[in-house]
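Subject: Structure handover and notes

Hello,

Please find the structure below. My notes on it come after.

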Amino acid sequence: MEIQSNFSLKNYNTFGIEAKARQFIAVHSVEELKRVLSANKNEKKFILGGGSNMLLTKDIDALVIHIDLKGKEIIKEDNDFVWIESQAGEVWHDFVLYTIDNNFGGLENMSLIPGNVGTTPVQNIGAYGTEIKDTFVSCEAINIESQEMKTFTNAECNFGYRESIFKHEVKDQYIITSVVYKLTKHNHKINTSYGDILAELSKNNITQPTLKDVSNAVITIRQSKLPDPKELGNSGSFFKNPILLKSDFEKIHKKFPEMKFYEVSETEVKVPAGWLIEQAGFKGKRFGDAGVHKNQALVLVNYGNATGQEILAVSKQVQKTVFETFGIHIEAEVNVI
């Protein structure tokens, strides 16, 4: 293991932003990670996974530790379920495809979400009516200060909409090293009710979809809306869909009756941020090399040489205009560094 200095992070973030790490090291096992943490106790540290949920606006004046732990295994199974442990550095989409190839159900709606397995509990990632909390059993994490391992159960993670304990109570205290998911072996709960999945299946005359069918539909939908980060720098959805109290939403809805919404509880409504941004006139708008994607207004893009500061400025302009237009604040889902 070698610590490198003044290391370019351009290939380590999906926005493709040029930023330097003061020091950089990749770790490939828990033992290596413990050694690095122990040997650099007084160093400021920055933990880097797949680089898909962050916007770098400056150089990182710290030791950047890239979590590159690989491997997956079935640790338990019964007649109905299988428990699979995946190491944190596994690419999420590859892991999803592995579960589908083995006919294990539960993750198919989250196909093609960028990033690595280790960051899935942090964000409680989700798509098309499913979230990580639905299949998450537990995760192993290492305490950065003490190097002690701790298991976090589903209940202990305090999952919410794109929220978890790792973004709040224990933020910057732990590094997730592996995650366990509980998936179905048969009698899969096929979820096709959300978004465009049903329409995509109908287009292909599929009436009794398999896990693979649902995954393929999600991949087709995402590819039609979301640019490939290898071709156009982006971080997937930049903003969260705002959740409003019904009482507040009803007042706004009277002014904008065409506003789309989904009920999330008896008292709350979710409004698609992409719709708000599009109505505010930003879809496809370009500001130098930074801009809003032409097919999906939730996605901010780097057309080549945009800086993180330039993309951040676009995001703030979008937030300001949406608030001035609708009285709704949209939050960034991406971590701004």
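Predicted model: local features only at pLDDT ≥ 70, side-chain atom pairs only at ≥ 80, totals over all residues.

Residues are numbered from 1 along each chain as its sequence is written, and side-chain values use heavy atoms, with hydrogens and water left out.

The five-stranded sheet

Five strands make up an open sheet, ordered β6-β7-β12-β10-β11, with antiparallel pairing. Strands here are DSSP runs of E with at least two residues, helices are runs of H or I with at least four, and both are numbered from the N terminus. Two strands count as paired if DSSP finds at least two bridges between them. At the edges are β6 (72–77) and β11 (149–153), each of which pairs on one side only. On average, neighbouring strands in this sheet are turned by 25° against each other, direction ignored. In general, the strands of a sheet pair through backbone hydrogen bonds, either parallel or antiparallel.

β7 (residues 81–87) pairs with β6 in the antiparallel sense over five bridges. These two strands form a hairpin with three residues between them. Within this pairing, E77 has V82 of β7 as its bridge partner, and E73 has E85. Five of the seven residues of β7 are buried, and the strand is mostly covered. Buried means under 20% relative accessible area, exposed means over 50%, and partly exposed is in between (1.4 Å probe, protein chains only).

Which strands does helix α2 touch where it packs on the sheet? Helix α2 (residues 92–101) touches β6, β7 and β12, and its direction makes about 155° with that of β7. Contact means heavy atoms within 4.5 Å. Axes are lines fitted to C-alpha atoms, for helices over the stretch in contact, and angles run from 0 to 180 degrees between N-to-C directions.

The α2 and α5 pair

α2 also meets helix α5 (residues 211–225): their axes come within 9 Å and cross at roughly 155°. The two helices are therefore roughly antiparallel to each other. On the scale used, angles under 35 degrees are roughly parallel, over 145 roughly antiparallel, 65 to 115 roughly perpendicular, and the rest oblique. The crossing of α2 and α5 is left-handed, a term for a near helix turned anticlockwise from the far one by less than a right angle, with clockwise giving right-handed.

On the α2 side the contact holds H93, L97, I100 and D101, and on the α5 side L211, K212, S215 and I219. By class, this contact has four nonpolar, two polar and two charged residues. Ala, Val, Leu, Ile, Met, Phe, Trp, Tyr, Cys and Pro count as nonpolar, Asp, Glu, Lys and Arg as charged, and the others, Gly among them, as polar.

The three-stranded sheet

Another open sheet has three strands in the order β14-β16-β15, with antiparallel pairing. β14 (243–245) and β15 (262–263) stand at its edges with a single partner strand each, so one side of each has no neighbour in the sheet. β14 and β16 (residues 268–270) run antiparallel and are joined by three bridges, with L245 standing opposite E268 in β16. Helix α6 (residues 246–255) packs on this sheet and touches β14, β15 and β16; its direction makes about 95° with that of β14.

Single residues

Most residues other than glycine have a negative phi. N6 is not a glycine, yet has a positive phi of about 50°. N6 lies in strand β1 (residues 4–8) and is exposed, with a relative accessible area of 54%. D172 also has a positive phi, near 65°, in a residue other than glycine. Where does D172 lie? D172 is in the loop between β11 and β12, and counts as exposed at 64% relative accessibility.

Is Q319 buried or exposed? Q319, in helix α8 (residues 308–326), is buried, with a relative accessible area of 16%. Leaving out residues up to four places away in sequence, Q319 touches F239, H329, I330, E331 and A332.

Regards
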